[in-house]
Amino acid sequence: HEGPQTIGTGASGHMNTYLEPGMVTSVEPGIYRDGEYGMRTENLTLVVEDMENEFGRFFKFETLTLAPIDLNLIEAELLSSEEKSWLNTYHQEVMEKLEPGLTEEELNWLKIYTKAI
């Protein structure tokens, strides 16, 4: 929702700005219930080259910021096996990249919040 490049239903004002390698954008999935609550998780991502084939050039996102997603806000039984796999893989990446700089107490906390579902 913050341009110049955007992805999503509110992107109409920024439709002429294409994603290019080197751009940083945010991925912010969320849910909001009017008058009740809202929840959003957010990561910054870098647009990087992925591949080129007969259909053109393709990019992908490389995650720049890493934080666990609060499992208390997830009803795991509603997730597909693919969604669970994505979440577990993401949490494994969070653990692997953050572990070297953490104290034992911080690491123990992170292990709880990146456990597999």
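Me: In which strand is the place of threonine 25?

Reply: Two points come first. This is a predicted model, in which local features need pLDDT of at least 70, side-chain atom pairs count only at pLDDT 80 or more, and totals for chains, interfaces and linings use all residues. Residues are numbered from 1 along each chain as its sequence is written, and side-chain values use heavy atoms, with hydrogens and water left out. Helices (H or I, at least four residues) and strands (E, at least two) are DSSP runs, numbered from the N terminus. Threonine 25 lies in strand 1, residues 24–27.

Me: Does threonine 25 count as buried or exposed?

Reply: Buried means under 20% relative accessible area, exposed over 50%, and partly exposed in between, with a 1.4 Å probe and protein chains only. Threonine 25 has 11% relative accessibility, so it counts as buried.

Me: Which residues is threonine 25 in contact with, leaving aside its neighbours within four places in sequence?

Reply: Contact means heavy atoms within 4.5 Å. On that basis, threonine 25 is in contact with Gln5, Asn43, Leu44, Thr45 and Phe61. Methionine 23, in the segment before strand 1, touches Gln5, Thr17, Tyr18, Thr45, Leu46 and Val47, with residues up to four places away in sequence not counted. The C-alpha atoms of methionine 23 and phenylalanine 61 are separated by 9.7 Å, although the two residues are 38 apart along the chain.

Me: How many residues has helix 1, and what does it reach from its first C-alpha to its last?

Reply: The expected span of a helix is 1.5 Å times one less than its number of residues. Helix 1 (residues 81–98) has 18 residues and reaches 26 Å, close to the 26 Å expected.

Me: Which residues of helix 1 are buried?

Reply: They are Leu87, Tyr90, His91, Val94 and Met95. Seen down the axis of helix 1, these buried residues fall within an arc of 140° (taken over the directions from the helix axis to the C-beta atoms), so they line one face of the helix. Their cover includes strand 4 (43–53), strand 5 (56–63) and helix 2 (104–113). On the other side of helix 1, Ser81, Glu82, Trp86, Glu96 and Lys97 are exposed; for lysine 97 the relative accessible area is 52%.

Me: How does lysine 111 compare: what is its relative accessible area?

Reply: Lysine 111, found in helix 2, is partly exposed at 46%. Its C-alpha is 9.6 Å from that of glutamine 92, 19 residues apart in sequence.

Me: What is the volume of the largest pocket?

Reply: On a 1 Å grid over the protein atoms alone, a pocket is an open set of points where a 1.4 Å probe fits, with protein on both sides within 12 Å along at least five of seven lines; lining residues have an atom within 4 Å of a point. Grid points are joined across faces, edges and corners, and a volume is the space filled by probe spheres set on the points. The largest pocket has a volume of about 870 Å³.

Me: How many residues line the largest pocket?

Reply: There are 25 lining residues, of which Pro29, Met39, Thr41, Ile69 and Ile74 lie nearest the centre. Helix 1 gives the largest share of the lining, 6 residues.
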